[in-house]
Amino acid sequence: MTDAGQPSLDTAAVRADFPIFDGPVNGRDLIYLDSSGTSQKPRQVLQAMDSFYVEANANVHRGAYYLSDQASRRMESARTKVARFIGASEPEEVIFTKNATEAINLIAASWGRANLQRGDAVVLTVIEHHANIVPWHMLAAERGIELRFIGIGEDGHLDLSNLDTLLDGAKLVSFTAMSNVLGTLPPIARIAEAAHAAGALVAIDACQYVPHLPTRLADLGVDFMAFSGHKMCGPTGVGVLWARREILEAMPPFLGGGGMISNVTLEGFTTAELPHKFEAGTPPIAEIVGLGAAIDYLDGLGMDAVRRHEIELTAYFLRTIKERHGDDVTVHGPSEPSERGGVFSFEYKDVHPHDLSQVLDEHGVNVRAGHHCAKPLMKELGVGATARASLYIYNDESDVDRLVEALDDASDLFSF
Amino acid sequence: MAGLEDLYKEIVIDHYRSPRNRGELETPPAQHAEGLNPLCGDEVHVYVQVEDNVITDIAIGGQGCSISQASASMMSAAIKGKSLDEVGELSTAVKSMMSIHEQSLEDDDSGVLPEPPDVELGDLEALKGVVKYPVRIKCATLGWNTLAEALQS
């Protein structure tokens, strides 16, 4: 909720930290409305990665030499920052992966294979990103597990009316913490409580959640959480899997190789302690350092302020686009700003999203068009694709205004 | 809106608004394929009737953006009544216009691109503007690629 009197964000100051906004892009001012795809990167993150390579580059956990120790320290310092940022009990519960997709695949391949047998059920939702559907399809094909789906109900929220039935016999519930298409914020703690009561573990795809809302694992009550670095001001190439220690301890390793072992003989191997057990091979060290700097940056803004800003701008977006375009525009997802994130899939007249995105690009307005890696959800919505605008810390009301105005051009070109 | 006129030529918009040869043909005797652009969800269905190496009838279905649907419509109008050889040349010429040169690994490495077939493109030339928008080339060639699949089916 918006707390009156509390400052939200000074977006002009934030923008000044992001070099991509310094100059024109393709000859135009950049109106970047695709942060759900990936966020832009502040100078602080770029500098942290640069200074890692300039001052401390060496492989980690390998050498007794000073430089390797420096590299390891910077990487482990980032792990501690991640743990604190999400409210993990200890840094060892934070596993670095390539991205959130790999983190979910890790859950499916390691925990899933060790714990799921034919006939066991995994509960997902119809609003999931493909990253939280396909790994389970793959496991279903291999293990004969049953996939069940929580449907979509009123106003873009999940339909939880039959949750108890869906949970009967389920071993895992895995769902998005915030929809990348609708902005829906499922009641995580409520679902987790019901799942635990039914004997199932709970995983969340928090790719859109961790960058946008204060994340307190203790309040969420989940067992696994996956998210990516690049949607929260960090670089591409690094994601995070968090899980409770006892679960990680009991899981078999995922990828095998250097770094994840305690001992290797010609007969076999034993695994390293957490978190290294799940981090085979040289990790994306500079990217992890960059993610640490991104967390420092977001901490500097304050995640409560980030959320307040997003609710304010969401309210402005929903109000402004309706005032200007009325029934010509349909915005999917919850109508109440405090009950959703600032990601808007919308349709405008009957202009195809691709064409819409192309026309908006002529105005420097960057929105994504397509199925947003959520084809089952597109089918639920009865559309092939949507245009999607998404907000972040550097966006302000003028960005929304530019989008809303540019829609008129699409109307001129494609009105039938 | 300078720039976009090259992409959204009047004739392209016309084919999008009033697609030609829209519908289905009975299979068999017609051959059929469905093309999908997984990146964005554009769909083109091509039904094609071939008699004595001539395309005697064609029908187009599917849904998607203006470029994918207009290009398929323009293709249908251009190839109806043409021989398979002529259609092959047209297809190569259209793709060449969009900077797609189908080369095999065995091609010589002279760096000289093969000359496109010298054929009259007619209305199809209106899609030339797509070349400036690389993301849309896949939309524009979806119909042609689906036609090739239908002919092989």
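**Note on the predicted model of chains A and B**

1. Three bridges join strand β15 of chain A to strand β16 (residues 386-390) of chain A, and the two strands run antiparallel. Within this pairing, Ala369(A) stands opposite Ala387(A) in β16(A). The model under discussion is a predicted one.

2. The pair belongs to an open sheet of four strands in chain A, whose order is β12-β13-β16-β15 and whose pairing is antiparallel. At the edges of the sheet are β12 (329-331) and β15 (368-370) of chain A, each of which pairs on one side only. From one strand to the next, the twist averages 30°.

3. Helix α12 (residues 353-362) of chain A lies across β13, β15 and β16 of chain A. Relative to β15(A), helix α12(A) runs at about 160°.

4. The division of chain A into domains should be kept in view. Domain 1 consists of two segments, 11-32 + 302-407, while domain 2 covers 46-300. The centres of the two domains, taken over C-alpha atoms, are separated by 27 Å. Their contact takes 23 residues from domain 1 of chain A and 23 residues from domain 2 of chain A.

5. On the domain 1 side of that contact, the elements giving two or more residues are α11 (303-325), β13 (343-348) and α13 (375-381) of chain A. Helix α11(A) provides the largest share of this side, with five residues. Sorted by class, the side of domain 1 of chain A that touches domain 2 of chain A has nine nonpolar, seven polar and seven charged residues.

6. The pairing of β8(A) involves two strands with opposite senses. Strand β7 (residues 201-205) of chain A runs parallel to β8(A) and is joined to it by three bridges; here Asp205(A) stands opposite Ala226(A). Strand β9 (residues 239-243) of chain A pairs with β8(A) in the antiparallel sense over five bridges, and Phe224(A) stands opposite Ala243(A) in β9(A).

7. Helix α5 (residues 134-143) of chain A has Pro135(A), Trp136(A) and Leu139(A) among its buried residues. These three cover an arc of only 95° around the axis, which puts them on the same side of α5(A). The buried residues of α5(A) pack against α4 (100-115), β3 (121-125) and β4 (146-152) of chain A. Just after the helix, Gly144(A) takes a positive phi of about 70°.

8. Chain B contains five helices and three strands, which follow the pattern α-α-β-β-β-α-α-α along the sequence. Of the 153 residues in chain B, 35% are buried. Among contacts in chain B with a separation of 6 or more, 71% are between residues 24 or more positions apart.

9. Within chain B, Val131(B) is found in the loop between α4 (84-97) and α5 (134-152). Val131(B) counts as partly exposed because it has 16 C-beta neighbours inside 10 Å, whereas a buried residue would need 20 or more. Leaving aside its neighbours within four places in sequence, Val131(B) is in contact with Met98(B) and Ser99(B). Val131(B) and Leu90(B) are 41 residues apart in sequence, and their C-alpha atoms are 17 Å apart in space.

10. Finally, there is the contact between the chains. It brings together 14 residues of chain B and 14 residues of chain A. By class, the chain B side has eight nonpolar, five polar and one charged residues.

How values were computed
Residues numbered from 1 in each chain as written. Chains lettered and ligands numbered in written order. Predicted model: local features only at pLDDT ≥ 70, side-chain atom pairs only at ≥ 80, totals over all residues. Domains from an automatic or database assignment. Contact = placed C-beta atoms within 7 Å. Nonpolar A, V, L, I, M, F, W, Y, C, P; charged D, E, K, R; others polar. Pairing = 2+ DSSP bridges. Axes fitted to C-alpha atoms, helices over the stretch in contact; angles between N-to-C directions. Buried ≥ 20, exposed ≤ 12 C-beta atoms within 10 Å, placed from the backbone. Arc of directions from axis to C-beta.
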